[in-house]
Amino acid sequence: MASVFDVSAYILKKHGPMSAMKLQKLVYYSQAWAVVWDEKPIFSEKIRAWANGPVVTELFAEHKGEFYVKAEPRGDHKALTRFEKETVDAVLKHYGDKTAHWLSALSHRETPWISARAGLSDGERGNSEITIGSLADYYGNI
């Protein structure tokens, strides 16, 4: 299985540099659609429901303090299978031209993030997991 860093490296190779926030959202949507289309996660790291949307903490830690991400030194874009690359390519085709804030706002309207943030007020810190099951249930019904 690829790591979140491998997926990030592939996204950056295909799309080019972007904000750390946008990268987080594209990684999230890559995981969501991989669960539906490929019937398995594309990476094993957990996704957390933070106040500004879905975040993979390992990826956040790697790019902490960076607004703009140009490369993913810990990732190998070649680690993705052909099917995983096709999934990420479809995500980039659909979401790649959107801004980080647009993607964040979208995730805030969707059940996986909302459910994981249950009981928290807007802007309140939280670290609940957005589960693979919630991704499969929600995106599988779109």
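Predicted model: local features only at pLDDT ≥ 70, side-chain atom pairs only at ≥ 80, totals over all residues.
Three strands make up an open sheet, arranged in the order E3-E2-E5 with antiparallel pairing. Strand E3 (53–55) and strand E5 (129–130) are found at the edges, and each has a single partner strand, so one side of each is left without a neighbour in the sheet. Strand E2 (residues 47–50) is joined to E3 by three bridges, and the two run antiparallel. Within this pairing, Ala-49 is placed opposite Pro-54 in E3. Helix H2 (residues 20–37) lies across E2, E3 and E5, and its direction makes an angle of about 85° with E3.

Helix H2 also meets another helix. Two packed helices are described by the angle between their axes and the distance between the axes. For H2 and helix H7 (residues 132–139), the axes come within 8 Å and cross at roughly 75°. Angles of 65 to 115 degrees count as roughly perpendicular, and H2 and H7 are therefore roughly perpendicular to each other. On the H2 side, the contact involves Tyr-28, Tyr-29, Gln-31, Ala-32, Trp-33, Val-35 and Val-36, which meet Ile-132, Leu-135, Ala-136 and Tyr-139 in H7.

Helix H1 (residues 4–15) packs with H4 at an angle of about 55°, and their axes are 11 Å apart. This angle makes H1 oblique to H4. The crossing of H1 past H4 is right-handed. From H1, the residues that make the contact are Val-7, Tyr-10, Ile-11, Lys-14 and His-15, while H4 supplies Lys-85, Val-88, Asp-89 and Leu-92. In the contact of H1 with H4, five residues are nonpolar, one is polar and three are charged.

Finally, two single residues deserve a look. Thr-87 belongs to helix H4 (residues 82–95). Its relative accessibility is 3%, and because buried means under 20%, Thr-87 counts as buried. Leaving aside residues up to four places away in sequence, Thr-87 touches Ser-30, Trp-33, Ala-34, Trp-37 and Asp-38. Glu-39, in turn, sits in the loop between H2 and E2. Glu-39 is exposed, with a relative accessible area of 70%. Most residues other than glycine have a negative phi. Glu-39, although not a glycine, has a positive phi of about 60°.

Key: Residues numbered from 1 in each chain as written. Heavy atoms only, no water. Pairing = 2+ DSSP bridges. Helix = DSSP H or I, 4+ residues; strand = E, 2+ residues; numbered from the N terminus. Contact = heavy atoms within 4.5 Å. Axes fitted to C-alpha atoms, helices over the stretch in contact; angles between N-to-C directions. Buried < 20%, exposed > 50% of the residue type's maximum accessible area, 1.4 Å probe, protein only. Parallel < 35°, antiparallel > 145°, perpendicular 65-115°, else oblique. Left-handed = near helix turned anticlockwise from the far one by under 90°. Nonpolar A, V, L, I, M, F, W, Y, C, P; charged D, E, K, R; others polar.
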